[in-house]
Amino acid sequence: MIYQSLIEKHGSLAVIGLGYVGLPLALAFAKYVNVVGFDINQKRIKSLQDGYDPSGEQEIDKEVSNSLTFTHEAKLLANVNFFIIAVPTPIDEYNQPDLKALMSATEMVASNLKKGDYVVFESTVYPGCTEEKCIPLLEKISGLKHITDFKSGYSPERINPGDKVHTLHNVVKVVSGCDEDALAQIGKVYELVVNAGVHRASSIKVAEAAKVIENTQRDLNIALMNELSMIFDKLHINTYEVLEAAGTKWNFLKFYPGLVGGHCIGVDPYYLTFKANHMGHFPKVILSGREINDGMGPYIAKRTIQLMISNNIEILKSKVLVLGATFKENVKDIRNSKVVDLIQELKAYHIEVDIVDAMADPHEFWEEYGLSLQAEPDKGYSAVILAVAHSQYIGLDEAYFANITLEKSILIDVKGIYRGKIKKLTYWSL
């Protein structure tokens, strides 16, 4: 049995992809079994070998060093028996699933697959993808027969970057397998590292679907808040005050407006709508929510410009500071950051935009978006947009903003953290 082989260290486990999802898995499993942590990014592997997580999320405990090998060399996967694929599955410019990394990882695993091995996918996909695309590729390249020669499963990731409470260890893990035996073995393997336990789904498709609807549900709830914020803005009432009042009812769901980016909430719904369209169903509600959330960056930029005009600020000679550029607060991750949409909309009006972020890597940001980050704010801004509520920005006061802005300047507070604290500057929040 694969579980027994792993804990007795006759076999080994590999995690393919060492990002926000894969690295916590590799570190957790290395306390119990032999682990190979694989990533194609050689620079990242070198950092991990030196004991440093480039994302700043994980502490690499030296006590696991004897059972954990970080590598970018596929040949070190030859003796692995239990593969976990946790590579990114983004969307392309047309909001269609981009499976290139997943297919590449699957091909590499297939080249190292042996009889008796297990392959578990954690990457977010649409329902049916594992069995329709990944398994046939494993069979084709390895020459092995699924279920007869090797087993498969799917266990959706539930990692929340920046969250030190809801971690891998204390969030229930959904697992699934290609048959009852695979489900039992995969469940036991994950129970080694998930203290909260595992939920055994009835099929791989059910587990795949569970993942995409988790984030689709959040996306729709945030879209509702964003649309409400637009309505309340026209009514000249503060959205957060309305939500505080409504939140006193026991069954009111506490969601808030904001920019929805990142590698999960802003992406996963498109995997579900892709499959829905393929099956002949046009998902109106989900796509409407996506349209609202994808449009929030330009909406905030336009409201900024409208307020600047109202204060007789000359747009073509103005300079705006954007504070925060990652996809969410207190993380370094810049993937699918909707702050970029806001910045590009401002630039379309020929506004000079300075971007400062306490967490993001300037080189990565330039490589990804062609936009420069500066270390500190300048002065003489016509508007400041607090786009991401990093902890470094929460304690700033009105005197700070007054010092870097011109007369009649605007403070745009996307997350509403300065509500009730700004008296002199023109203040606006979602």
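At what angle do the axes of helix α4 and helix α5 cross? They cross at roughly 40°, and the axes come within 8 Å.

## Ground rules

This is a predicted model, where local features need pLDDT of at least 70, side-chain atom pairs count only at pLDDT 80 or more, and totals for chains, interfaces and linings use all residues. Residues are numbered from 1 along each chain as its sequence is written, and side-chain values use heavy atoms, with hydrogens and water left out.

Helices (H or I, at least four residues) and strands (E, at least two) are DSSP runs numbered from the N terminus. Axes are lines fitted to C-alpha atoms, for helices over the stretch in contact, and angles run from 0 to 180 degrees between N-to-C directions.

## The sheet

Picture an open sheet of eight strands, in the order β3-β2-β1-β4-β5-β6-β7-β8, with mixed pairing; two strands pair if DSSP finds at least two bridges between them. At the edges you'll find β3 and β8 (198-200), each with a single partner strand, so one side of each has no neighbour in the sheet. On average, neighbouring strands are turned by 20° against each other, direction ignored.

Two helices pack on this sheet. Helix α6 (residues 180-191) touches β1, β4 (82-85), β5 (118-121), β6 (151-154), β7 (173-177) and β8, and its direction makes about 150° with that of β7. Helix α7 touches β6 and β7, with its direction at about 25° to that of β6. Contact here means heavy atoms within 4.5 Å.

## Around strand β2

Now zoom in on strand β2 (residues 34-38): four of its five residues are buried, meaning under 20% relative accessible area with a 1.4 Å probe, protein chains only. On one side β2 runs parallel to strand β1 (residues 12-16), joined by five bridges. In that pairing Leu13 has Val35 as its bridge partner, and Ile16 has Phe38.

Strand β3 (residues 68-71) also runs parallel to β2, through four bridges, and Val36 stands opposite Thr69 of β3. Together, β1, helix α2 (residues 22-29) and β2 form a right-handed β-α-β unit; right-handed means that, with the strands pointing away from the viewer, the path from the first strand over the helix to the second runs clockwise.

## Back to α4 and α5

Helix α4 spans residues 100-111 and helix α5 residues 129-142. From α4, the contact takes in Leu102, Met103, Thr106, Glu107, Val109, Ala110 and Ser111, and from α5, Cys129, Lys133, Cys134, Leu137, Leu138, Ile141 and Ser142.

By class, that's nine nonpolar, three polar and two charged residues. Ala, Val, Leu, Ile, Met, Phe, Trp, Tyr, Cys and Pro count as nonpolar, Asp, Glu, Lys and Arg as charged, and the others, Gly among them, as polar.

## Helix α9 and its cover

Helix α9 (residues 268-278) is mostly covered, with eight of its eleven residues buried. Among them are Tyr270, Tyr271 and Lys275. The cover includes α5, α7 (204-234) and α10 (284-294). Just after α9, Gly280 takes a positive phi of about 90°.

With α10, helix α9 packs at an angle of about 145°, the axes 10 Å apart, and this crossing is left-handed. Pro269, Tyr270, Leu272 and Thr273 of α9 meet Ile286, Leu287, Arg290 and Asp294 of α10. That contact divides into five nonpolar, one polar and two charged residues.

Methods
Buried < 20%, exposed > 50% of the residue type's maximum accessible area, 1.4 Å probe, protein only. Left-handed = near helix turned anticlockwise from the far one by under 90°.
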